[in-house]
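The sequence and structure come first, and the description follows.

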Amino acid sequence: MVRPNYLAMKTDQLSQDIINSDMNDLKMAAKNLIADATRLGGLGFGTSFLKWVATFAAIYLLILDRTNWRTNMLTGLLVPYIFFSFPWALFNLFRGEVGKWIAFVAVVLRLFFTRHFPDWLEMPGSLILLLVVAPGFFAYTIKDSWVGVAICLIIGCYLLQEHIRASGGFRNSFTERHGISNTLGIILLLVYPVWSLVLHIV
């Protein structure tokens with residue numbers, strides 16, 4: 001009876017040592033990734049990473065609004081926010097032939113099959129249309145300038161202020177149902193434009 005306990009204890013200690021070793025390896029890999037990324041891209045890497053985070057936060061809030069968040073806020077402002085913060089890889093993909101085909105199908109469905117066009121597709125359809133038909137001045141000049149970043153900051157501040165007002169205060173915005181996820185999503189909208197404007201100023 002003593003022997004199985006000894007084996008079990010030895011196995012538990014061995015598995016704990018392996019897990020600790022793996023965690024140390026992950027920590028070292030993360031430190032190396034951060035060091036290499038800052039050496040290669042410097043502050044630009046942080047800006048592009050935050051642009052991806054802000055875009056996904058806006059898409060997340062757009063999905064929440066279409067599913068269970070339903071507020072009186074002007075969440076249609078998320079569409080221009082996504083337009084101005086969309087990473088270039090996705091922006092060029094949707095601005096090209098892929099986006100044109102998606103926009104064409106969305107317009108045909110909306111015009112001829114109105115009963116089969118769900119309400120939750122209105123905002124994504126608007127985003128695709130905006131990406132495809134936006135003039136080059138907006139798509140290539142304003143998008144990456146400080147003006148586009150300022151527009152993103154104004155939209156993020158407005159949505160945060162409206163969310164806090166609708167919740168009944170800053171504290172309530174974290175305590176109500178779905179409050180933390182909504183508030184954090186809106187705060188993530190503010191991180192990219194603030195960081196980018198600081199870099200433009202400095």
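Rings of Phe, Tyr and Trp (for Trp the six-membered ring) count as a pair if their centres lie within 6.5 Å, with planes under 30 degrees apart called stacked, over 60 edge-to-face and the rest tilted. By this criterion the structure holds 9 aromatic pairs. This is a predicted model, in which local features need pLDDT of at least 70 and side-chain atom pairs count only at pLDDT 80 or more, while totals for chains, interfaces and linings use all residues. Residues are numbered from 1 along each chain as its sequence is written, and side-chain values use heavy atoms, with hydrogens and water left out.

**Aromatic rings.** The ring centres of Trp88 and Phe91 are 5.1 Å apart and their planes stand at 80°, so this pair is edge-to-face. Both residues belong to helix α4 (residues 88-95), where, being 3 residues apart, they are separated by about one helical turn; helices here are DSSP runs (H or I, at least four residues), numbered from the N terminus. Accessibility is described as buried under 20% relative accessible area, exposed over 50% and partly exposed in between, with a 1.4 Å probe and protein chains only. Trp88, at 28% relative accessibility, is partly exposed, whereas Phe91, at 0%, is buried. Ring pairs link Trp88 and Phe91 with Phe83, Phe84 and Tyr140 into a cluster.

Helix α3 (residues 78-85) has 7 of its 8 residues buried, so it is largely enclosed by the rest of the structure; among the buried residues are Phe83 and Phe84. Two helix pairs are set out below, with axes fitted to C-alpha atoms over the stretch in contact and angles running from 0 to 180 degrees between N-to-C directions.

| Helix pair | Axis distance | Angle |
|---|---|---|
| α5 (residues 97-112) and α6 (residues 122-133) | 9 Å | about 135° |
| α3 and α8 (residues 146-167) | within 9 Å | roughly 145° |

In the α3 and α8 pair, Leu78, Pro80, Tyr81, Phe84 and Ser85 of α3 meet Gly148, Ile151, Cys152, Ile155 and Leu159 of α8, where contact means heavy atoms within 4.5 Å. By class, this contact of α3 with α8 has 8 nonpolar, 2 polar and no charged residues, with Ala, Val, Leu, Ile, Met, Phe, Trp, Tyr, Cys and Pro counted as nonpolar, Asp, Glu, Lys and Arg as charged, and the others, Gly among them, as polar.

In α5, Gly99, Lys100, Ile102, Ala103, Val107 and Arg110 meet Glu122, Ile128, Leu129 and Val132 in α6. The contact of α5 with α6 has 6 nonpolar, 1 polar and 3 charged residues.

How values were computed: Helices (H or I, at least four residues) and strands (E, at least two) are DSSP runs, numbered from the N terminus.
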